[in-house]
Amino acid sequence: MKTTTALATALTLATALPALADDCTIKVGVLHSLSGTMAISETTLKDTMLTLIDQQNAKGGVIGCELEAVVVDPASDWPLFAEKARELLTVHEVDVIFGNWTSVSRKSVLPVIEELNGLLFYPVQYEGEESSKNVFYTGAAPNQQAIPATDYFLEELGIEKFALLGTDYVYPRTTNNILEAYLQSKDIAKDDIFVNYTPFGHSDWSKIVADVVALGADGKKVGVISTINGDANIGFYKELAAAGISADDIPVVAFSVGEEELSGLDTSNLVGHLAAWNYFQSAETDANADWIAAWKGRMGEERVTNDPMEAHYIGFNMWVNAVAAAGKVDVDAVRDAMYGQEYPNLTGGTAVMLPNHHLSKPVLIGEITAEGQFDIISQTSEVPGDAWTDFLPESAKLVSDWKDLGCGMYNTETKSCVQTLSNY
Amino acid sequence: MNRSFIARNPSVLIFLSILALFTLLVTLLSEGFGAGLVSTSMVKTLGKTLCLCLIAVAMDLIWGYTGILSLGHFAFFGLGGYMIGMWLMFERTRQIVVTSLSEGVLPPTPEDIQAAIGNQIFGVVGSSEFPLIWMFADSLVLQLAFVVLVPGALAFVFGWLAFRSRVTGVYLSILTQAMTLGLSLYLFQNASGLRGNNGLSGLQNLPGVTAPQSVVSLWFFWASALALALGYLLVAWVVSGKFGSVIRGIRDNEARVRFLGYSVESYKLAVFTLTACISGIAGALYYPQAGIINPAEVAPIASIYLAVWVAIGGRGRLYGAVIGTALVSLVSSWFTGGQAPDVNLGFYTIKWVDWWLVLLGLSFVLVTLYAPRGIGGLFDLVARKNPGEGP
Amino acid sequence: MKSLFLALLSAVLLTTAAPAMAGTVQEVLQDQRALIEKSSRRTVGPAIDALVMSDLPQMQAVLEAWQAKEMWQRKEDGWFFAASKNADGTYVLHRFEDGTKVGDYAKGALKQLKPNSGVRAMIATALVQYQLSDPDINKRTGALDSIARDPEAALLAPLRASIPGETDPGVLSRKTRLERLMSMAYDTDIAVRVTAINDMSGDLGVDFRATLNPILTTKTTILAVGQTTDATTDANVARVLLPGSETLSTQAAYALLVAADLAPAELTQDARDAALEANIEAGRVGGFPVAQLGTQAKRDAAYDALVAADLAAPRITAEDIAASLASYQFREIYQEPSQAVTDVAAAALAKSEGRVAVNQAVDLGLDALSLASIYFLAAIGLAITFGVMGVINMAHGEFIMMGAYTGYVVQMFIANHTLSILVAVPLAFAVTFAAGVALERLVIRWLAHRPLETLLATFGVSIALQQLAKNIFGTQARPLTAPAWLDGTWVINDVVAISSIRIAIFILALLFLGLFLFIMKRTRLGLETRAVTQTPRMAASMGINPDRVNMLTFGLGSGIAGIAGVAIGLFAKVTSEMGGDYIVQSFMTVVVGGVGNIWGTLAGAMMIGGFQKGVEWLNPSNTLAAQTYMIVFIIIFIQFRPRGIIALKGRAAGD
């Protein structure tokens, strides 16, 4: 309530003193790759940010100041992310940064952001096992995507044998590690978990698909949990379709395939396969309808919305409210104001910013439709994001609480803070 | 002897003077020590460029003077970076871990510390065991030695096999490219023990150093300038003597040199290994400034760009390699960094971010076709000197 | 609950006594409303049971509508209807009872029921009894699919009952096979089960093995030595495990005892440290200062001191473990009580697995062949430009990419996939032929006899082309969809199968091999090419125009790369970077095979493809390793055969 009144005050101020807007521009850094391999995913997020900033300026900006976007291009080059982040913070002197997609780019930026006390909003689902004082993670932690999807496999589909297929990098590796531990805690034998890693852009899937089919030989129902990234999905789903595997025989749940990725695929053979996210374009709420209309109006009718866009949508609006509540853009003040911020999700319900810098968000599971969209068949209530997973022994004893403990890596056994910087 | 070498090569003295002047200027204008006109990120960029110039000098020695087009020197560069990166990560993490563990009731055992470091470093990439190759990561001296020894050893083994089998020309180029691809694929694997795609990060934070980055960046800048100066001197000295004549002979007509009784393979192997060592040092200075090293850095394309820089600068002359590298890499980062203003043609807006690579590729074709001596060739025109050094 | 329903169902079917239950369809549905709305596999069972047990004739239609997500709920009263969409976006509702129209409703007034696939599978199981003899063949095969996915003992009787009336031979054979499989698992007569297993012994099918393996699942049990009264003594014992043997290590055996609360746990480091921490007195533990406890040895010593002072439990020694293990017997017990069944099942499975291994090797061989044909296809253009002409073209990969994008663009204009591929292939050839000719005339010709410069210049072209493709088509992968007749898989048996598109690529590779041989050996261009390659001056003096020949040959090689691009795009993806994926491999293929000889290129492709699949087979969880080892292998191979597998004699192969 306090935030809303503060926001209202800010809005009245803004309307009462329009002249102020020119004097105090608030700079918002946008650190997304506009060229290179990640451009396809990240350009969308840059446009999302520009849309959001324009919308906010149309509403009168924040605390009477106009927002100005500073867009830089780190070109999918990980060291360049660190360089550009430093440039944003020291040369352009931005007050907040929205950016990054891949984990490695985030790890590259972390030391710079922490050294210069910047503020970063990171919008993509990630592997967790990290907590930085200077980063708000608005995407899903593993317990907000991977664990609920696995529960769905276990309980609703009765899967008894798991194939964890992933691209060989940090997100699939960590997620699969967590899932292996989780499945074993759910009495799935180690022999019933098949793990495979492939390179980025892998295209020769016939043997792996044959291996997965062969898993069914001991009479257990097989399911695939896919953390396959990007382009490689195309070959994978093509091979799956060619092998005549329907979602009823061997369901595949993907954590990295959203509306944007499906737009490069003919989905008629994939109907019924699954994806788990915190947002699908097909969610039926008024806020979502407005957002889709605004997005399509700006970018074109054929464009789709996806989960990381919603993460920026929530993250940006929370930041705006936090600035309004703090009355200034100072990083420490805004961070304190962020805790407990609430903002309605596009899928219904309310997202809350937790002291561990993660959101509580609902988890949705959707089935792929022939139109390249997802049919939502399961929606949980809000799940609080967990920085340190409870299913790996080393991180189970760690918690993150920047509000009261002032520590992102607090060991509950020794009751001490392991480190106040993040691990990169 | 040294004096006569300098006297015979006035360009070396000129180069070193310019480098010293440049270093002094940047220091005086920097944020850390001086006027603050040159930002810390600019100091880092310039320092990295000096490292690239150093590897370009090595590339010029192997390609411009010896005639071996290696498409694998960035692999050595990356290995150097990984070697120093291992120590930086290990030591930084060890300090954190020891501080945190000593808060426990019992003092930590060495096993506890080792396990906690492993978990901190590799927990990020989904494992916690210490791979064997990190055995010496706790020793700065050994890892520094590895910066030279590991690239050197790889180059020696690879070169020994390749030169012994008389693999030459484009075959050798493709083979070196395959080696680079193999190394980068290996590093991409999480199982390689070097954190796979994530690589080693946070390298700009020196363990135990509390000085701000504006100062640390200058230290590395000076170190890079010094390394470039020494590397330049070394290579200039190597090519000026009899050794230099022999390798130029190999470049121009390998068979004749062999018939004269020289062991062509030994000369090639010596140059290949030496340049790999120089590349390793350049990499070890580069990546702490970049902050992160990962397998994408070692991808074959990087080594090809290196050849492009040297070719544009003019191979067969060391200052040409330096000029080409400094120019192209700085201009590249200016264009791709989004600072260059877009050109609006009315019907189409040229975004440099998109079109720079097209331009670079085509200009490269043009240089190869019409200006094989590169930018360095311009100096010949100015000096009206007989262009004897070029290929 | 589900099994209860199935038991009841079979009872119903056997007695054919229909218990008449009161109520309309809507009343039955409303009774189960909460469960239907919740729609979870764990809770929906009773609702489905109730629908089936109501025995209303419309229930098949209700279940089918529900399964197809065509059952909707009216928000105002929560009633269920069959719904279909009108042209204007509203929905028309029909009553289940008699199919009469209820009216048109806006979407906002309705709620669609979306059963997840777990619930749909349960509905499908419930529908089996209606559908097994349905006149619609699709419903019959659907019912069989459902049985195959979730076999239940209760489904055996209806399945058997439906066999005599089956008219379609295909469905009949499926029904018979399913009946055999279900007899093995569920028949009550052991003799029938044994016969069924023996009948199918050695069968390759995944379903056969999937039926036998559950029969053969075992459980390790612990039996105290000398204990005879226990019920487990007359169990169906698979084998007795000896602790300390290969099948059961001493540690694992002791862990089993600990888990069964039959022995105390061994002292872990954590437990030891906890005991030490609990006994700190004035900065000392067991006489040792705490500050000294920074090593394992000291901690052990301190713990021993605590034990001596009776402050901690003594350690479990090796003798204790041996003594505990000696008093128990470890046995693997089949879940299946009948030994006759498990014996034949084990024999039948062993026989199957032997054949499966052979077939898996065949399948791996096919995979390797397919990969080899892809490498060959990507490299064949290079075999002409690099192998025959000796020109290094680093932009070769980009010609592959141009071909693939040509296919993509054609597909944007021609919707029919078959037709578009037929158009795309010659067009891709034309486009890349032109690009090749242009490259040869503008760049390569001026760099003759300077191979390193050619390499670098064509690399510049490659960078430019790649970025150009990014600027035009974006970085996202573009779809190139194969026509339906290339979509399927050639299934030889349950183990050996290969997708049609791979067969097509294989045939295409063979065609190109033939084409290459034909052009080089039988046409004027081939003759002239060979002449120009061997001695250009002599050829020129014979009236051959070397420039023209070089240009045409280069164009031909590039054109073939374009067609290869279409094929590769069909099976994988079209991106601006796809050329880079193939260029190094292609060069390797040509170099490993032996420059200047098409058979060499073929051999090179076979070797690389075979090696890569071999490594993948050895290390199935890491495909990246296979690629790494392949490159290392190639580098080493070239050291020993620098001229490749098939080395040309004479000057043509030279430096």
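Which residues does Ile292(B) touch, not counting residues up to four places away in sequence? Keep that in mind while you get your bearings.

This is a predicted model, in which local features need pLDDT of at least 70, side-chain atom pairs count only at pLDDT 80 or more, and totals for chains, interfaces and linings use all residues. Residues are numbered from 1 along each chain as its sequence is written, while chains are lettered from A and ligands numbered from 1 in the order in which they are written.

**Stop 1: Ile292(B)**

Select Ile292(B), which lies in strand 2 (residues 292-293) of chain B. Helices (H or I, at least four residues) and strands (E, at least two) are DSSP runs, numbered from the N terminus. In chain A, Ile292(B) touches Trp78(A), Pro79(A), Ala82(A) and Ser108(A); in chain B, the residues it touches are Gly199(B), Leu200(B), Ser201(B) and Leu203(B). Contact here means that the C-beta atoms, placed from the backbone, lie within 7 Å.

Is Ile292(B) buried or exposed? It counts as buried because it has 29 C-beta neighbours inside 10 Å. The cut-offs are 20 or more other C-beta atoms within 10 Å for buried, 12 or fewer for exposed, and partly exposed in between, with C-beta atoms placed from the backbone.

**Stop 2: helix 2 of chain B**

Next, select residues 10-29 of chain B, which form helix 2. At 1.5 Å a residue, its 20 residues should span 28 Å, and the end C-alpha atoms are 29 Å apart, which agrees. (The expected span is 1.5 Å times one less than the number of residues.) Colour Val12(B), Phe15(B), Thr23(B) and Val26(B), which are buried. They cover an arc of only 70 degrees around the axis, so they sit on the same side of helix 2 of chain B. That arc is taken from the directions from the helix axis to the C-beta atoms. Turn to the face away from the buried side to find exposed residues, among them Pro10(B), Leu13(B), Ser17(B) and Leu28(B).

**Stop 3: where chain B touches chain C**

Show chains B and C together: the contact takes 45 residues from chain B and 44 residues from chain C. On the chain B side, helix 7 gives the most, with 14 residues. By class, that side has 32 nonpolar, ten polar and three charged residues. Here Ala, Val, Leu, Ile, Met, Phe, Trp, Tyr, Cys and Pro count as nonpolar, Asp, Glu, Lys and Arg as charged, and the others, Gly among them, as polar.

**Stop 4: the sheet in chain C**

Two strands pair if DSSP finds at least two bridges between them.

Select Gln73(C): its bridge partner in strand 2 of chain C is Phe80(C), and in strand 5 of chain C the partner is Lys111(C). Three bridges join strand 1 (residues 71-74) to strand 2 (residues 80-85), which run antiparallel. In the hairpin of these strands, Gly78(C) takes a positive phi near 75 degrees.

**Stop 5: strand 10 of chain A**

Finish at residues 274-277 of chain A, strand 10, where Leu274(A) and Ala276(A) point one way, Ala275(A) and Trp277(A) the other way, and all are buried. Two bridges join strand 10 to strand 9 (residues 252-254) in parallel, with Ala254(A) partnered by Ala275(A). Strand 13 (residues 359-368) pairs with strand 10 in the antiparallel sense over four bridges, and Leu274(A) stands opposite Glu367(A).

Terms used
Contact = placed C-beta atoms within 7 Å.
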